[in-house]
Amino acid sequence: MQLTEKQQELHIVQGLRQHDKTAMRDFYALYAGRLTAVCSRYIASDADMKDVLQEALIKIFTNADSFEYRAAGSLLAWGKRIVVNEALSFLRKSKTVPLLFDENLPEVADEDNTPVDDVPPKLLQEMIRELPDGYRTVFNLYVFEDKSHQEIGKILGIKESSSASQLNRAKTVLKKKIIEYKKGGRI
């Protein structure tokens, strides 16, 4: 009999709360790919990304008692939140935040008119990973975590205007990379 997503999540949570190795393996098998993708959006180095992901998994496995089931998908959402927090903590500790400003980039209006539909998702993720740490962090928090500039400012300890500036600069860099890709050149 095939378990529903809700039943599967509840079964894994119950096992994690009992520190069951099978539940840990099941969690990893189900979510490692997606959690790795989230982590790699924030951490550019593969070695650092693996370390951050491992620390996040340890927190997930040891803090399963604090997880509150809400609906199907909530276990993954909780895991993603832990991965993001662990990545941000790593960035703070490695002194890449506060953010560094690249003064050579002009301020640009917030325009989302560069189509990315024909850019392979893996390549787009690589482009994002190549952004400077500050740009990448703000971009990810704004675009993928749906945080406001005010929230990002609080999370990173920067001004709201600095968050907006970093986002615009990230978009400028990404736009250049996408245009270069579409012209047939390598990024």
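Q: Which residues does F27 touch, not counting residues up to four places away in sequence?
A: With such neighbours set aside, F27 touches I12, L16, A32, L35, L57, I60, F61 and L75. A contact here means heavy atoms within 4.5 Å. The model is predicted, and local features need pLDDT of at least 70, side-chain atom pairs count only at pLDDT 80 or more, and totals for chains, interfaces and linings use all residues. Residues are numbered from 1 along each chain as its sequence is written, and side-chain values use heavy atoms, with hydrogens and water left out.

Q: What makes a set of residues a nonpolar core, and which members of the largest one touch the most other members?
A: The term denotes buried Ala, Val, Leu, Ile, Met, Phe, Trp, Tyr and Cys residues joined through side-chain atoms within 4.5 Å. Buried means under 20% relative accessible area, exposed means over 50%, and partly exposed lies in between (1.4 Å probe, protein chains only). The largest such core has 46 residues, of which F27, L35, Y42, I43, I60 and L75 touch the most other members. Elements giving two or more residues to this core include α1 (5-17), α2 (21-42) and α8 (160-182). The greatest contribution, 9 residues, comes from α4. In soluble globular proteins, nonpolar side chains tend to be buried together.

Q: How many helices and strands does the chain have?
A: There are 8 helices and 0 strands. Both are DSSP runs numbered from the N terminus: helices are H or I with at least four residues, strands E with at least two.

Q: Why is α6 called largely enclosed by the rest of the structure?
A: Of its 11 residues, 8 are buried, so α6 is largely enclosed by the rest of the structure. These are G134, Y135, R136, T137, V138, F139, N140 and L141. Their cover includes α2, α4, α5, α7 and α8.

Q: Why does V143 count as partly exposed?
A: V143, found in helix α6, has 40% relative accessibility and therefore counts as partly exposed.

Q: Why are α6 and α7 called oblique to each other?
A: They pack at an angle of about 135°, with axes 10 Å apart. Axes are lines fitted to C-alpha atoms, for helices over the stretch in contact, and angles run from 0 to 180 degrees between N-to-C directions. Under 35 degrees counts as roughly parallel, over 145 as roughly antiparallel, 65 to 115 as roughly perpendicular, and the rest as oblique. The two helices are therefore oblique to each other. At this packing, T137, V138, L141 and Y142 in α6 meet H149, I152, I155 and L156 in α7.
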